[in-house]
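Keep the structure open beside you and try each task before you read its solution.

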Amino acid sequence: MTPGGTPGAPGVVVVTGVGRYLGAHVAARLAADPRIERVIGVDPATPGPEFTHLLDRVERIRIDLDSLGGLLADLDVDAVVHLALVSAADPQHGGRAAMKEQNVIGTMQLLAACQRAPRLRKLVVRSSTAAYGASFRDPAVFTEETEPREVPRGGFARDILDIEGYVRGFRRRRPDVTDTVLRFAPFIGSTADTTLTRYFSQPVVPTVFGRDPRLQFVHFDDALEVLHRSIVEDHPGTYNVAGPGVLSLSQAIRRAGRVGMPVLEPGLSGAAAIARSLGFGRYGLDQVDLFVHGRVVDTTRLEQEYGFTPRSTAAAFDDFIRAHHGGVVVTRDQLAAAEQLVLDGIRQVRAAVRERS
């Protein structure tokens, strides 16, 4: 019998990143599971008030990942769930340098602590389908064995490749630990608030002229289910986690009741700058490449190993639309800025056509 009293279920679980949306929800769900004796949430920052009710049954410790070594051993931790990743650089909090410090260096420090934890027997790491990159050379569908055709341009994708490399090293050093790497497609759903959902909440959505990429999403609730099963059951290996089926970008924009605004690819970064000024989030090369080339992954391994199939990409996106029906309220100034963006895009396209003729 395992420490948690149930085959596969750990007794003491540490969850990193509980100060963020995903980490808080995962920790709360584990704390509600009677098979788990103790859930400890780790984050250097105090979780926001919106997470207070979720974390009532979670022991919270404010600590950096580089200080976890003694903690994991002292608490006789059985499982670690690593969710403390930053998917986009925030200029107000150190930009790309701070992002890499959190993602890459933080994961290295966590894995070093895990290596020294004698009772540890399970490690679950959040990854991303960004590990495959996004380029014109990509295959139609990625499996877990597919290697990126070229090094991704985006910082988050490069961080993910480094993180998975460190996990493979940990796997060799601690073969007694069951490690699970979950490559999530972009999250979406009624409660998700991400760069992607803010992108589709714009009244005018910038797209790349001549491109209509295929996209996959995973519903946030299905992501929680897969994470939970990864912790209370044994599923070693790497898994793509996405909703079956695809949506083209144009289909998604129409479903959201938005207007697509095609711009030339070099101009998309300018469109992103306008979007930031409108208050609709920040965009990096990871997102730009996704909106140019798209990305589709195979989920056969997940479905067979877990006996679980996430709801389809279309169903997950429709749930997001229902929750955000009516969209955002656009002020007169915001509308004028959006109209100017459309006009600039039209001028770019016309200028490009004249140059080719």
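**Exercise 1. Find which residues lie nearest the centre of the second largest pocket, and describe its lining.**

Step 1. Of the 16 residues that line the second largest pocket, E144, E147, E164, R168 and R183 lie nearest its centre. A pocket is an open set of points on a 1 Å grid over the protein atoms alone, with protein on both sides within 12 Å along at least five of seven lines, and lining residues have an atom within 4 Å of a point.

Step 2. Two or more lining residues come from each of α4 (155-173), β6 (178-184) and β11 (237-241). These names follow DSSP runs numbered from the N terminus: helices are H or I with at least four residues, and strands are E with at least two.

Step 3. The biggest contribution, four residues, is that of α4.

Step 4. Sorted by class, this lining holds eight charged, five nonpolar and three polar residues. Here Ala, Val, Leu, Ile, Met, Phe, Trp, Tyr, Cys and Pro count as nonpolar, Asp, Glu, Lys and Arg as charged, and the others, Gly among them, as polar.

Step 5. The space in this pocket is about 330 Å³, where a volume is the space filled by probe spheres set on the grid points, which are joined across faces, edges and corners.

A note on the model: it is predicted, so local features need pLDDT of at least 70 and side-chain atom pairs count only at pLDDT 80 or more, while totals for chains, interfaces and linings use all residues. Residues are numbered from 1 along each chain as its sequence is written, and side-chain values use heavy atoms, with hydrogens and water left out.

**Exercise 2. Which residues line the largest cavity?**

Step 1. A cavity is a set of grid points where a 1.4 Å probe fits but cannot get out. Searching the whole structure gives three cavities of 30 Å³ or more.

Step 2. The largest cavity has about 70 Å³ of space. Its lining consists of T129, A185, P186, L196, L215, Q216, F217, L290, R295, V296 and V297.

Step 3. Eight of these residues are nonpolar, two are polar and one is charged.

**Exercise 3. Explore the largest nonpolar core and the place of L182 in it.**

Step 1. A nonpolar core is a set of buried Ala, Val, Leu, Ile, Met, Phe, Trp, Tyr and Cys residues joined through side-chain atoms within 4.5 Å. Buried means under 20% relative accessible area, exposed over 50%, and partly exposed in between (1.4 Å probe, protein chains only).

Step 2. The largest core has 40 residues, and V15, L30 and L182 touch the most other members. With seven residues, α6 (220-232) gives the most to this core.

Step 3. Leaving out residues up to four places away in sequence, L182 has contacts (heavy atoms within 4.5 Å) that include V124, V226, Y239 and Y306.

Step 4. β6 and β11 run parallel and are joined by five bridges; strands pair if DSSP finds at least two bridges between them. Across this pairing, V181 stands opposite T238.

Step 5. Why is β11 largely enclosed by the rest of the structure? Because four of its five residues are buried.

**Exercise 4. Are S135, R121 and D76 buried or partly exposed?**

Step 1. S135 sits in the loop between β5 and α4. This residue counts as buried because its relative accessibility is 7%, and S135 touches E150 and H293, with residues up to four places away in sequence not counted.

Step 2. R121 belongs to the loop between α3 and β5 and is also buried, at 18% relative accessibility. Its C-alpha atom is 8.3 Å from that of P10, 111 residues apart along the chain.

Step 3. D76, in the loop between α2 (68-74) and β4, is partly exposed at 36%. Phi of D76 is near 50 degrees, a positive value in a residue other than glycine. For comparison, most residues other than glycine have a negative phi.
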